[in-house]
Amino acid sequence: MASALLTAFLGLLLPMDSPPETTVYLTPDQAPRNVFPGAEIERRDVPATPELRSKIKERIGRLEPTVWEPSYVTFAARQAGQVLGYAAIVEEIGKHRPFTLIVAVTPDFKVKDVALMVYRETRGGEIAQRRFLAQYKNKRARDPIQLDRDIIGITGATLSVHGANRAVHKALAILELVYGT
């Protein structure tokens with residue numbers, strides 16, 4: 001009893017984070033159709049071998065992913081037999097928990113579209129806004145994709161913006177390694 005009272009009392013004194021919330025915007029089946037509407041979609045699961053991780057790290061340089069998925073779900077999109085582009089589902093940490101994005105690229109590996117699939121925090125979900133995500137359009141792996149350089153942040157979502165930047169860099173590296181020549 002005394003222990004329960006002490007725990008309740010400390011709970012009033014110590015600041016606690018709100019319980020995490022999960023918002024699902026797109027499922028893995030919906031996501032590629034969202035970024036490539038009307039296209040024929042071919043899914044390819046790519047194991048995240050130590051060799052692949054090493055190559056991803058080489059390509060993204062100074063950035064360090066906060067999540068190393070065991071495998072990557074990628075897609076090739078075609079229409080009338082012609083390749084429209086590729087996409088990858090990736091995760092990165094916002095403040096405390098990972099969020100999930102799909103990043104779609106053109107055949108020459110420029111970002112075509114980015115969509116938030118799942119967000120698992122109580123704050124920072126503003127990164128789901130189309131006007132924020134539109135900033136990534138036409139970015140390439142060699143672009144900075146950095147807050148206050150070529151990406152405008154969102155007040156109250158700074159950590160999520162940094163996570164989205166890492167996710168886009170990681171997805172570009174994965175797609176170039178998997179589908180590039």
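Me: Where in the fold does Thr100 sit?

Reply: Thr100 lies in strand β5. The model is predicted, and its mean pLDDT is 91, with 89% of residues reaching 70 or more.

Me: Which part of the chain has pLDDT under 50?

Reply: That applies to residues 3-16, where the model has 1 contact beyond four places in sequence.

Me: What elements does the chain contain, and in which order do they run?

Reply: Begin with the count, then the order. The chain has 5 helices and 6 strands. Read from the N terminus, the elements follow the pattern α-β-α-β-α-β-β-β-β-α-α.

Me: In what order do the strands stand in the sheet?

Reply: Order in a sheet is read from strand pairing. Here 6 strands make an open sheet, arranged β1-β6-β5-β4-β3-β2, with antiparallel pairing. The edges are taken by β1 (23-24) and β2 (40-47); each has a single partner strand, so one side of each lacks a neighbour in the sheet.

Me: Which strands pair with β5, and over how many bridges?

Reply: Take each side in turn. Strand β4 (residues 82-93) pairs with β5 in the antiparallel sense over 8 bridges, and a hairpin of 4 residues connects β4 to β5. Within this pairing, Ala88 is opposite Val103, and Glu91 has Thr100 as its bridge partner. Leu101 is bridged to Leu116 of β6. The hairpin between β5 and β6 has 5 residues between the strands, and Phe109 in its turn shows a positive phi of about 65°.

Me: Is β5 largely enclosed or left open by the rest of the structure?

Reply: Count the buried residues along the strand. In β5 (residues 98-105), 7 of the 8 residues are buried, so the strand is largely enclosed by the rest of the structure. For the chain, buried residues make up 44% of 181.

Me: Is Thr100 buried or exposed, and what does its side chain contact?

Reply: Read accessibility before contacts. Thr100 has a relative accessible area of 5%, so with the limit for buried at under 20% it counts as buried. Its side chain makes a polar contact of 2.8 Å with the side chain of Glu91. Glu91 is also the bridge partner of Thr100. Leaving aside neighbours within four places in sequence, the contacts of Thr100 include Ile89, Val90, Ala115, Met117 and Arg120.

Me: What tends to happen to nonpolar side chains in soluble globular proteins?

Reply: They tend to be buried together. In this model, the largest nonpolar core has 39 residues, and Leu101, Val114, Ile127, Phe132, Tyr136 and Val168 have the most contacts inside it. At least two residues each come from α3 (50-60), β3 (71-79), β4, β5, β6, α4 (130-133) and α5 (158-179). Helix α5 gives the most, with 11 residues. A second, separate core has 15 residues, among them Phe36, Ile102, Ala115 and Val118.

Me: What does Leu101 touch beyond four places in sequence?

Reply: Sort the contacts by the element they belong to. Leu101 touches residues including Ala88, Val114, Leu116, Ala164 and Ala167. Of these, Ala88 is the residue opposite Val103, and Leu116 is the bridge partner of Leu101.

Key: Residues are numbered from 1 along each chain as its sequence is written. This is a predicted model: local features need pLDDT of at least 70, side-chain atom pairs count only at pLDDT 80 or more; totals for chains, interfaces and linings use all residues. Side-chain values use heavy atoms; hydrogens and water are left out. pLDDT is the predictor's confidence in each residue, from 0 to 100. Contact means heavy atoms within 4.5 Å. Buried means under 20% relative accessible area, exposed over 50%, partly exposed in between (1.4 Å probe, protein chains only). Two strands pair if DSSP finds at least two bridges between them. A polar contact is a pair of N or O atoms within 3.5 Å; within protein, one must be able to donate a hydrogen and the other to accept it, and residues adjacent in sequence count only if both atoms are side-chain atoms. A nonpolar core is a set of buried Ala, Val, Leu, Ile, Met, Phe, Trp, Tyr and Cys residues joined through side-chain atoms within 4.5 Å.
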